[in-house]
Amino acid sequence: MPRKQPFSGKQKRKQLQERRNRKQGVKKPSNPGFIDHSHDDDDEEDTGSHKSARGKEKDDRSRSRVEVDRLNQQPVADKEWNPNRFRLHFFKISPEEMKVRQKEARKPIVKVKEEALEVSFEQIHGSDEALDFPKRPMWNYSMSKEKLEQQEQTYFKDYLQKIFSSHSLDELSYFELNLETWRQLWRVTEISDILLLITDIRFPVLQFPPSLYYYMRDTLKRDMILVLNKVDLAPPSLVAAWRAYITHLFPDLHIVCFTSFPKKPQEAQIGFHRKAKKTSAKPLGPQELLDVCKTIAGDKVDFSAWQRKLDTGDSSTSAPDREHGPDTSEDSSGQGDTYASETFRPEVYRKFHNGILTIGCIGYPNVGKSSLMNGLVGKKVVSVSRTPGHTKHLQTIFLTPTVRLCDCPGLVFPSYVDKALQILSGIYPIAQVRDPYSAVGYLAQRLDLPKLLHLSHPDQEQSHRPSEPQQELPWSALDICEAWAIKSGFFTAKASRPDTYRAGNQLLRMAVEGRLRLCLAPPHYFQKQDEWKNDLLATNLAKHLEKQVQQITSDGSEEDASESEESNKEGATTDSEEEKEGESTACVSSNPFELLANE
C-alpha cells in the first residue's frame with residue numbers, strides 16, 4: 001500500500017470548510033472573467049493523496065494565469081444573498097515576489113530628494129489607451145438577464161486579457177478585478193446628472209483617472225466635479241498648486257475643496273486617540289458645491305431647500321412626495337435588481353428629469369465618499385469605516401426633495417502607481433497587507449521616520465562601547481519596524497521578540513490617517529513653493545483653517561470647563577456626604593472598643 005503524503009492542519013481545515021459549504025449549498029465565488037477555478041475541485045478530491053496527471057496539467061496551466069486575492073471575506077449566512085459578491089479583488093503577489101521584498105526590507109534605506117514627490121498624470125496613467133477602464137457594452141431591454149450577464153462577462157474577460165497581455169504585473173498597480181463592482185460604477189454613471197469624483201488632496205493624481213473624465217464629457221455628455229477632500233491634511237500652498245495644475249490640464253472640470261473637521265493640536269499628535277465631539281465649526285466645501293451645481297443646472301432644479309439646509313444646519317432628509325411632488329416612480333434604491341428599472345435605460349435618459357438633480361459620488365476606496373455624504377446631509381445616513389471597500393453597492397439618499405445623492409463603492413482604476421504608494425494612500429486594507437515592510441521603506445525614503453518617531457536603533461546598544469564614540473547606524477525598513485515595536489511594547493507571545501509585522505501595520509495606519517503626513521506634489525512645485533504660499537487660494541484657506549481650529553478649541557475648552565464644574569460639584573457632594581456620615585458615626589461612639597462592652 002503506497003504511503004500517504006503528509007496532511008497538514010491547514011489542509012484539514014480547508015477540507016472541512018468545503019464540506020460545510022457543500023452541505024449549506026454555498027456556491028463558489030464568481031469567476032472574475034479571466035481566471036479558471038476548475039482546478040480547485042480536483043485539489044479538494046485529491047487532498048491527502050497523489051494528484052492525478054490531469055490535476056498536474058491543470059496546475060501547470062494555472063501558473064500562467066493571474067491569481068486573485070479576494071479581500072474582506074465575510075461569512076455567508078443567507079443562501080439567497082452573498083455579501084462577498086462585491087468584495088475587493090486584486091491580483092495576488094507571488095511567493096517569489098514576497099521573498100524579493102523581504103530581502104529588500106533588510107537593505108539600508110537610501111533617501112530620495114523632495115523632488116521625487118512631484119508626480120504628473122503621464123507618470124501615473126500613461127499616454128496610451130491600454131489602461132482604459134471597462135465600459136458597459138451596448139445593451140437593450142429585449143435581452144434576457146442571463147444573456148446580458150454573459151455579454152458583460154465576455155467583455156470584461158477580453159478587457160483583462162488585453163491589459164495583462166500588454167503589461168506585466170510588475171508594471172501595473174493594484175486595480176479592481178471584480179466585475180460586480182464595475183457594474184455598480186456603470187449604473188451610477190448612467191443615472192447621474194453630475195458625477196462627483198472625490199479624491200484625497202494628498203494623492204489626487206493617483207485617484208483621478210483622466211479616462212473617466214473624457215468618457216463622461218465626450219460619451220455620456222455629463223458634467224463632472226472634482227472634490228479635493230481632506231485639504232486640512234495638506235499645506236494650503238500645496239492645495240493651491242494642485243488646483244491650478246489640474247485646472248490647466250482639464251479646463252472644463254469643476255473643482256471644489258472640502259475639509260474634514262480639524263483636530264485640536266494635542267489630538268493631532270502621534271498616538272493620541274480621543275472620541276470626537278460636536279462643534280459649531282463648519283467645514284469648507286458644501287456652499288461651494290452648491291454654487292457649482294447652481295451654475296450647471298441653472299433654473300431647471302430648485303435649490304432653495306439645499307440653501308436653507310446650509311443656512312440653518314438642518315439635518316433632516318425627505319424624499320419627494322409621490323402625489324404632489326416630482327414623479328420618482330423610476331427611482332431605484334440601488335440595492336436590488338436594477339436592470340429592470342427605467343432609470344438605467346440609456347435611450348430614455350433625460351437630464352434633470354422632473355426637476356430632480358442626481359449627483360453620483362464615486363472615488364477610490366478610503367477617500368471619504370460616505371463621510372462626505374454624511375457631512376452634506378448633516379447626520380449619519382451612510383455607514384462608514386476605515387477599512388477600504390466598506391461600501392458594497394450603490395446607495396441613493398435624498399438630500400432635499402429635488403437633490404438626490406448616489407454613493408458608489410470604491411473603485412481602483414488600472415495605472416502605473418507603485419504598489420507601496422497605493423497601500424500608503426489607503427486603497428488596500430492594512431490588516432490584510434502581507435508585506436508591510438516595502439511600504440514602510442517607501443515611506444522612510446521620503447520622511448525621516450527615526451527622527452519623527454524618536455526611535456533608537458535596535459543594534460545601537462549591542463554595537464556601542466563606552467570607550468568609543470557613538471556612531472550612527474544605517475536604518476532599514478525592518479530596523480524601523482523593530483525599533484517601533486520595542487518602543488510601543490509589541491512583542492510576540494511565545495518567543496517575546498519584537499513584533500515587527502504589527503509595528504509595520506501600525507505605521508501604515510498612521511500614514512493613512514495623516515499622523516505621518518506624506519503628500520505628493522505637482523511638477524515644479526518645490527521650485528515655486530514660495531510663490532504658492534502667497535497665492536490667494538492658499539491665503540484664504542489658511543485663514544479658514546485657522547478660524548476652524550480656534551472655534552473647535554474654544555468649543556472644547558467650554559466643554560472641558562463644564563465637565564470640570566460637574567465633577568467638582570459631584571466631588572463636593574460626595575465630600576459633604578462623607579463628612580455627615582463621619583459626624584453621625586462619631587456621635588454614636590468615640591471608643592473603638594465600645595461594641596465589646598455588651599459581651
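Helices (H or I, at least four residues) and strands (E, at least two) are DSSP runs, numbered from the N terminus. The link from strand 7 to strand 8 is a hairpin of two residues. Within this pairing, Phe 398 has Arg 404 of strand 8 as its bridge partner.

How many residues of strand 7 (residues 395–400) are buried? Five of the six are, so strand 7 is mostly covered, where buried means under 20% relative accessible area, exposed over 50% and partly exposed in between (1.4 Å probe, protein chains only). As background, side chains in a regular strand alternate between the two faces of the sheet.

## What kind of model this is

This is a predicted model, in which local features need pLDDT of at least 70 and side-chain atom pairs count only at pLDDT 80 or more, while totals for chains, interfaces and linings use all residues. Residues are numbered from 1 along each chain as its sequence is written, and side-chain values use heavy atoms, with hydrogens and water left out.

## The chain as a whole

The protein chain holds 20 helices and eight strands. Of its 599 residues, 44% are buried. Among contacts (heavy atoms within 4.5 Å) with a separation of 6 or more, 74% are between residues 24 or more positions apart.

## Two buried loop residues

Pro 134 sits in the loop between helix 5 (121–125) and helix 6 (145–166). Is Pro 134 buried or exposed? With a relative accessible area of 0%, Pro 134 is buried. Leaving out residues up to four places away in sequence, Pro 134 touches Tyr 155, Phe 156, Tyr 159, Trp 182 and Trp 186. Pro 414 is 280 residues from Pro 134 in sequence, yet the C-alpha to C-alpha distance is 9.9 Å.

Ser 476 belongs to the loop between helix 16 (460–463) and helix 17 (477–488), and counts as buried because its relative accessibility is 3%. Its side chain makes a polar contact with the side chain of Asp 479 at 3.0 Å. Such a contact is a pair of N or O atoms within 3.5 Å; within protein, one must be able to donate a hydrogen and the other to accept it, and residues adjacent in sequence count only if both atoms are side-chain atoms. Beyond four places in sequence, Ser 476 touches Ala 105, Arg 106, Lys 107, Pro 108 and Ile 109.

Conventions
Two strands pair if DSSP finds at least two bridges between them.
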